[in-house]
Amino acid sequence: MACEAEKWEIKVSARVRGSSPDQIWPLLQDFFNLHEWLPMLDVCYGVEGVLDQPGCVLYSAVTKISKDGLEEAVTNWALEKLLVINPVNKSFSYEIMDSNMMGFKSLVATTELTHVKDAEKEATAITWSFVANPIGGTEIGLTEFYGSALQRMAERWRLLYPHKGHKSHLSCLSFSLQMH
């Protein structure tokens, strides 16, 4: 059983070559419309507060259907509260306030865009980091789940900003999980 002080620190990162943080930020900062860039989300809309202002709350949901179609479809949902948004640093933090997903008691996440050079090409590094308090006895694949989501999101952005003269592509930086 996990003790009350146990925390998981998770970080996933990806790079989108041929783009700048200034190009990606307007797409990412639209907190109530993240479903447009996270294709796994079926629904995402504001339920409280002013769009892109700290304190606003969004509802998001994804429906899982078994591969063989024999099991009943399950909808996982979450209420997420924007804690901080920083257009200068191109970052925001949010917390999952309520959810029917099992595996953690709380989760606070930060998403940040930074400018990098990747093999002499301009690129945007997208970093999504989390601190979660796990529920004892559960094993969930948060690193894989969020890593896969970030890969899909970055791929959609990469298609918007192809690098001229080169085959543009996405490169994964890191996936890590630390338990305390």
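Student: How many aromatic pairs does the structure hold?

Tutor: The structure holds seven aromatic pairs. Rings of Phe, Tyr and Trp (its six-membered ring) pair if their centres lie within 6.5 Å; planes under 30 degrees apart count as stacked, over 60 as edge-to-face and the rest as tilted. This is a predicted model, in which local features need pLDDT of at least 70 and side-chain atom pairs count only at pLDDT 80 or more, while totals for chains, interfaces and linings use all residues. Residues are numbered from 1 along each chain as its sequence is written, and side-chain values use heavy atoms, with hydrogens and water left out.

Student: What describes a pair of aromatic rings?

Tutor: A ring pair is described by the distance of the centres and the angle of the planes. Take F31 and F92: their ring centres are 5.7 Å apart and their planes stand at 80 degrees, so this pair is edge-to-face. The pair links distant parts of the chain, with F31 in the loop between α1 and β2 (43-48) and F92 in strand β5 (residues 91-99), 61 residues apart. Helices (H or I, at least four residues) and strands (E, at least two) are DSSP runs, numbered from the N terminus.

Student: Are F31 and F92 buried or exposed?

Tutor: Buried means under 20% relative accessible area, exposed means over 50%, and partly exposed lies in between (1.4 Å probe, protein chains only). F31 has 1% relative accessibility, so F31 counts as buried. F92, at 3%, counts as buried too. F92 also pairs with Y94: the centres are 6.2 Å apart and the planes are at 40 degrees, so that pair is tilted. Both of these residues, F92 and Y94, are buried. Ring pairs link F31, F32, F92 and Y94 into a cluster.

Student: Which residues of helix α1 are buried?

Tutor: An α-helix has 3.6 residues a turn, so residues three or four places apart point the same way. In helix α1 (residues 21-28), the buried residues are P21, I24, W25, L27 and L28. Down the axis of α1 these buried residues fall within an arc of 165 degrees, so they line one face of the helix. The arc is that of the directions from the helix axis to the C-beta atoms.

Student: How many salt bridges does a search of the whole structure find?

Tutor: A salt bridge is a side-chain nitrogen of Lys or Arg within 4 Å of a carboxyl oxygen of Asp or Glu. The search finds two salt bridges. In one of them D22 is joined to K90, with the closest N and O atoms 3.0 Å apart. D22 lies in helix α1 and K90 in the loop between β4 and β5, so the pair ties together parts that are 68 residues apart in sequence. D22 is exposed, with a relative accessible area of 55%, whereas K90 is buried at 13%. K117 and E122 also meet in a salt bridge (3.4 Å, N to O). K117 counts as exposed at 52% relative accessibility, and E122 is partly exposed at 31%.

Student: What is the phi of K90?

Tutor: K90 has a positive phi of about 55 degrees although K90 is not a glycine. D52 is likewise not a glycine, and has a positive phi of about 65 degrees. D52 is found in the loop between β2 and β3, and D52 counts as buried at 17% relative accessibility.

Student: Which residues form a nonpolar patch on the surface?

Tutor: Patches are made of residues with over 30% relative accessible area and no salt bridge; like charges are joined within 9 Å, nonpolar side chains (Val, Leu, Ile, Met, Phe, Trp, Tyr) within 5 Å. Here L83, V84 and V108 form a nonpolar patch, with about 200 Å² of accessible area together. V84 sits in strand β4 (residues 74-86) and counts as partly exposed at 46% relative accessibility.

Student: Which residues is K64 in contact with, leaving aside its neighbours within four places in sequence?

Tutor: Contact means heavy atoms within 4.5 Å. K64, found in strand β3 (residues 57-64), is in contact with A73, V74 and N76 once those neighbours are left aside. K64 and V74 are ten residues apart in sequence, and 5.2 Å apart in space, C-alpha to C-alpha.

Student: What pattern does the protein chain follow along the sequence?

Tutor: The chain has two helices and eight strands, in the pattern β-α-β-β-β-β-β-β-α-β. Of the 180 residues in the protein chain, 43% are buried.

Conventions. Areas by Shrake-Rupley, 256 points an atom, 1.4 Å probe, with all protein chains shown as cover.
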